[in-house]
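Colleague: Could you walk me through how to read a few features of a fold like this one? I'd like the general idea, then the case at hand.

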Amino acid sequence: MESTATAAMTFAVPSTKAQARYRVLTRPTNPFTVPAGGVVQRPPARHLCIRAAIPRTKKEETVETVREQLENCYLLAGINYKGFTVKQFQELRKTFPESTKLIVAKNTLVYKAVEGTPWETLKPCMKGMNVWLFVHSEEIPAALKPYRDFQREKKLEDNDFTGAVFEGKFYGPDEFKKLETLPTRAEIYATLLGALKAPSSALVSTLQAPARELLLVLKAHIKNLEEQQALPQ
């Protein structure tokens, strides 16, 4: 009888070693723990696939957005926005006309969108933190002026233009003065009108200038005409 009781107690109350083994089995699985058998327990693979798919989709959407903005785009410029607050960025967006779009995108994604196109010359400014300015207007100085005013008002001297592409040519930060002083459409029309009244050789010389330099040539020409005679109103 005593032997039977002892066996019953042994069955009802597991040993300390067995209890310890039971506790280990009921604990939550630690993915970083290597079991005694050497098999590493990992989370289900489907979670990793979902997480990986979301970034790829966002990247593809960003590249496509950049490509869409390049359609009918006259100028693409980068601005160093390191240190910008959300409020400053929102205020900056409101300063631009509808023909100018401001987009935040990684340099690698923007380069992927412009690679193999005339905009690829933008590569020198593909470093640091850039926000991208897409100008869908021929009035380049008017498109750049809002940021210059904002930069001056907020005292953001370190947040300058990092570069731009206009008519296939790259302009570094020290060359932006050329872009900001391009003649307006009204000035171009006045210059063409003046050129039509000038000798034919002067007109041909003006029209044969490279497309990128034509605006600057016309501006210089109108100044010369103003010195000789008053332009018609």
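Predicted model: local features only at pLDDT ≥ 70, side-chain atom pairs only at ≥ 80, totals over all residues.

Colleague: What separates aspartate 149 and arginine 152 in helix α6?

Modeller: The general idea: an α-helix has 3.6 residues a turn, so residues three or four places apart point the same way. In this case, aspartate 149 and arginine 152 are three residues apart in helix α6, so about one helical turn separates them. They form a salt bridge, with the closest N and O atoms 2.8 Å apart. Aspartate 149 is partly exposed at 28% relative accessible area, while arginine 152 is exposed at 57%. Lys145 joins Asp149 and Arg152 in a network of salt bridges.

Colleague: How many salt bridges does the structure hold?

Modeller: Six. One of them joins glutamate 91 and lysine 154, at 3.1 Å from N to O. Glutamate 91 sits in helix α4 (residues 86-95) and lysine 154 in the loop between α6 and β4, so this pair ties together parts 63 residues apart in sequence. Another links arginine 148 to aspartate 160, with the closest N and O atoms 2.7 Å apart. Arginine 148 belongs to helix α6 and aspartate 160 to the loop between α6 and β4, so parts twelve residues apart in sequence are tied together.

Colleague: Is arginine 148 buried or exposed?

Modeller: The cut-off for buried is under 20% relative accessible area. Arginine 148 has 17%, so it counts as buried.

Colleague: On to aromatics. How many aromatic pairs does a search of the whole structure find?

Modeller: A pair of aromatic rings is described by the distance of the centres and the angle of the planes. The search finds six such pairs. In one of them, the ring centres of tyrosine 147 and phenylalanine 161 are 5.3 Å apart and the planes are at 70 degrees, so the pair is edge-to-face. Tyrosine 147 is in helix α6 (residues 140-153) and phenylalanine 161 in strand β4 (residues 161-166), so the pair ties together parts 14 residues apart in sequence. Tyrosine 147 is buried at 0% relative accessibility, and phenylalanine 161 is buried at 1%. Both belong to one aromatic cluster, whose members include Tyr81, Phe84 and Phe89.

Colleague: And which residues of α5 are buried?

Modeller: Asn107, Leu109, Val110, Tyr111, Ala113 and Val114. That is six of the eight residues of helix α5 (residues 107-114), so the helix is largely enclosed by the rest of the structure.

Methods
Residues numbered from 1 in each chain as written. Heavy atoms only, no water. Phe/Tyr/Trp six-rings, centres within 6.5 Å; stacked < 30°, edge-to-face > 60°. Helix = DSSP H or I, 4+ residues; strand = E, 2+ residues; numbered from the N terminus. Buried < 20%, exposed > 50% of the residue type's maximum accessible area, 1.4 Å probe, protein only. Salt bridge = Lys/Arg side-chain N within 4 Å of Asp/Glu carboxyl O.
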